[in-house]
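Please read it alongside the model.

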Amino acid sequence: MSMAYGFSEYGGPETQQFFDVPVPSPGPGQLLVAVHAAGVNPADWKVRAGTRKDTVPVTLPAVLGREVAGVVADVGPRVTGFAVGDAVFGATATGFGGYTEYTLVNTAAAAHKPDAVSFADAATLPVAAGTAYDALTTLDLAPGSRLLVVGAGGGVGVAALQLAAARDVTVIGVASEGKREVVESLGATWVASGDGLAERVPGPVDAVFDLVGGAALAEAARVVTDPAAIISVGDPLAARDLGGSGVERRRTSAVFAEVAALVADGTLDPRVAHRYPFAHAGDALATVESGHTSGKVVIEFG
């Protein structure tokens with residue numbers, strides 16, 4: 001059996017608990033991964049709360065989490081390029097979570113972990129850094145362009161600031177006062193979040209990457225020169241109404257390997273801010289659910 005942490009019914013943190021699950025057997029094209037680290041994301045508590053029922057169906061009790069790094073413990077039929085003992089990271093297979101000792105990962109959504117990248121850093125890449133990478137790839141901004149990142153202090157935002165800077169894009173980051181230091185340390189111009197955002201942004205921008213939605217997205221849309229250059233994770237439907245789009249995710253081995261290479265060469269720092277042992281998985285999720293943390297939160301095993 002494998003110890004797991006998840007939720008027994010939709011609701012608040014009171015539904016979370018540890019429970020045993022069978023160690024899964026990898027199917028065709030799958031890896032059984034002994035988890036060393038699992039990334040923690042806002043989507044995790046939103047799934048538990050039931051706000052993602054239409055897009056993320058679960059079987060209760062459900063294991064939380066969608067991204068892991070660890071060592072291959074077994075391989076399924078027709079697996080090539082991976083072997084038992086390989087250090088890997090990736091997105092968990094449909095129906096399997098990340099807050100557990102063993103989980104399944106499809107080889108199509110897995111990559112080898114470079115030696116220069118820690119398990120904790122690698123575990124943060126499929127969701128947050130991967131989302132930022134895909135958004136910037138879609139925007140394809142030329143050097144010297146101006147990008148407004150709304151919600152710049154979280155895991156996706158921190159990655160976006162660095163990846164944009166690596167493309168020689170000028171970045172303006174919208175975040176709370178408590179996250180100002182992080183935003184400015186990554187070379188971006190900080191703008192306070194809250195009412196009247198559009199008036200505080202210094203001049204028009206060429207693109208908007210929104211991680212918040214709501215009024216903040218509507219305000220950001222007022223300062224972009226081309227509405228088609230609005231991409232939102234916070235509210236993709238509202239972005240489409242404004243003329244923009246959501247983020248088209250490419251959870252592939254090739255993309256994950258490219259992102260990991262950026263970590264290995266120092267271009268991208270996932271900025272893991274909090275590490276929790278597996279026994280305190282609930283505290284890890286509570287830290288993310290509070291909305292006040294900067295950077296990434298990771299659960300470590302072993």
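1. Burial is used here as follows: buried means under 20% relative accessible area, exposed over 50%, and partly exposed in between, with a 1.4 Å probe and protein chains only. This is a predicted model, in which local features need pLDDT of at least 70 and side-chain atom pairs count only at pLDDT 80 or more, while totals for chains, interfaces and linings use all residues. Residues are numbered from 1 along each chain as its sequence is written, and side-chain values use heavy atoms, with hydrogens and water left out.

2. Helix H10 spans residues 281–289, and its buried residues are Ala281, Ala284, Leu285, Thr287 and Val288. Viewed down the axis of H10, these residues fall within an arc of 155 degrees, so they line one face of the helix; the arc is that of the directions from the helix axis to the C-beta atoms. Helices (H or I, at least four residues) and strands (E, at least two) are DSSP runs, numbered from the N terminus.

3. What do the buried residues of H10 pack against? Their partners are E1, E2, strand E3 (30–40), helix H1 (42–49), E13 and E14, where contact means heavy atoms within 4.5 Å. After H10 comes Gly291, with a positive phi near 80 degrees.

4. Two of these partners, E1 and E2, belong to an open sheet of three strands in the order E2-E1-E4, with antiparallel pairing. Strand E2 (16–21) and strand E4 (62–63) are the edge strands, each pairing on one side only. Strand E1 (residues 2–7) is joined to E2 by six bridges, and Gly6 stands opposite Gln17 in E2. Two strands are taken to pair if DSSP finds at least two bridges between them.

5. The salt-bridge rule requires a side-chain nitrogen of Lys or Arg within 4 Å of a carboxyl oxygen of Asp or Glu. By this rule there are eight salt bridges. In one of them, Arg249 pairs with Asp134, the closest N and O atoms being 2.8 Å apart. Arg249 lies in the loop between helix H8 (236–241) and helix H9 (253–264), and Asp134 in helix H3 (residues 125–139), so the pair ties together parts that are 115 residues apart in sequence. Both Arg249 and Asp134 are buried.

6. Glu300 and Arg275 also form a salt bridge, at 2.8 Å from N to O. Glu300 belongs to strand E14 (residues 296–300) and Arg275 to strand E13 (residues 272–277), so this pair links parts that are 25 residues apart in sequence. Glu300 is partly exposed at 27% relative accessibility, and Arg275 is partly exposed at 47%. Elsewhere, salt bridges that share partners join Asp134, Arg249 and Arg250 into one network.

7. A further salt bridge, between Glu184 and Arg180, has an N to O distance of 3.0 Å. These two residues are four residues apart in helix H5 (residues 180–185), and are thus separated by about one helical turn. Glu184 is partly exposed at 38% relative accessibility, as is Arg180 at 33%.

8. Neighbours within four places in sequence aside, Thr131 is in contact with Pro126, Val156, Phe209, Val233, Val247 and Arg249.
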